[in-house]
Amino acid sequence: MAEPARSPIRPTGIEDLDLILGGGLPPGSLTLVCGGMASGRSSLCLEFLMRGAAAGEPSVLLSSMPEKMHAHRMPPFGINDDKGLEGIDFIEFLPEDSHGPEEFALFIEELVKRVENGKPQRLAVDSLEQALHWLPAPTVSRALRVLQDALFRNGSTMMMVCGPLPDDKVQAADCVLSLGTQRQGPDAVRTLEVLRARGTKRPLSRYALSLGKEGAMMVRMMEGYDG
Amino acid sequence: MADRHLKEVPELLEESGPGFISLTLEADDYFEVMRGALRYGRAVGMHTALLSSSMPEAELTATMAALEEPVDHVEMIDCMSDLVMSPKSGEARHVESPRLLEMALLELRRSLRSADGPSLIIVDSINSLMIHNSKPRTMAFLEALYGRVARGGHTLALLHISEEGEGVSIPNLRLISDRVLVLE
């Protein structure tokens, strides 16, 4: 059967991110949102889903954190009329369900089934940090490729939260966003870097990131901050 | 003498229209020029964003109250309160340090986004920004602001205290401004 015709890029709805990525993300793509604790990874993924839900796109959040905790910990986004996770299908999983190689393979298999059966347009997984960190690169890379194939076949776009990863573990990802902190003396600023973005000609610069009620905003880091 | 600026500054801003305007003033006239700019925003009913790296919001609000200058139409982006551990009202937007120019730019964008149309942006001041940042970094910030002002049809008044202008010259200001007004 012929692949459905797709536009090469679909806006995420996060205005500055779309600008940085040259329009958005390709449908059927996998984006890894890497970074340390409290760097804004979950907020960015949640906004991605909320923007999708607000635009009527079926959106799914798979989380290792209970729904109540999400609602409690997340900033009160105004982007979805403060409706919280309304419009987003929430599926909780236990972190240990994805830790070992076999569990991880089963988890990915289950994820693929959800993509194929539910055909959501947007998904986010928060998070597979432990599994992606501890499992060997070939295992991770192979699993992500299987997942990426399923996403591509179904035109679903996924963001996945993880910690900082070496290059050999991110080969299957279409896009890798690295969130972090840049420090200089007593000052610190959250940063977002696009480490990989398939299908975009944008330069891979570093941006200052601000998270707030209106959603994530970014501005290019200016010369001289790091001395 | 200084009272003249209360009338002159709104007139000059009205005459200039949207764009990036540098106001060069003497330190003694600082509060009058500031009041003149604030009055212009109120008179034309413009959303007014005051980006301050000179004084904390509590100090500015108290001073303006003493001068009987209403500031309820002003949204302040305060880069000083955290630095000097001054009390915060919760009404202003705060940036932890005047060195965090990227964050100041983002807070300003959030402020502009909350307004319906073009805004008046007052930047107080290029001198204080340059106390905390290098000249190239300050200029890069002002150039980024220039782009924002031009795209949004906003009016920006950049305060420049002439006596403290080490490193800032009128030709420098001309490079980044649509108009440089020297207040005497």
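Predicted model: local features only at pLDDT ≥ 70, side-chain atom pairs only at ≥ 80, totals over all residues.
Trainee: Where do the buried residues of α6(A) fall when one looks down its axis?

Mentor: As a general idea, an α-helix has 3.6 residues a turn, so residues three or four places apart point the same way. In this case the buried residues are V140(A), A143(A), L144(A), L147(A), A150(A) and L151(A). Seen down the axis of α6(A), these buried residues fall within an arc of 115°, so they line one face of the helix. They pack against β1, α4, α5 and β5 of chain A.

Trainee: Turning to chain B, in what order do the strands of the open sheet stand?

Mentor: The 7 strands of that sheet, paired in parallel, have the order β4-β3-β2-β5-β6-β1-β7 in chain B. Strands β4 and β7 of chain B stand at the edges, each with a single partner strand, so one side of each is left without a neighbour in the sheet. For β4(B), 2 bridges join it to the parallel strand β3 of chain B, and H94(B) in β4(B) has D78(B) opposite.

Trainee: Is Y40(B) buried or exposed?

Mentor: Y40(B), which has its place in helix α2 of chain B, counts as buried because it has 21 C-beta neighbours inside 10 Å.

How values were computed:
Residues numbered from 1 in each chain as written. Chains lettered and ligands numbered in written order. Helix = DSSP H or I, 4+ residues; strand = E, 2+ residues; numbered from the N terminus. Buried ≥ 20, exposed ≤ 12 C-beta atoms within 10 Å, placed from the backbone. Pairing = 2+ DSSP bridges. Arc of directions from axis to C-beta. Contact = placed C-beta atoms within 7 Å.
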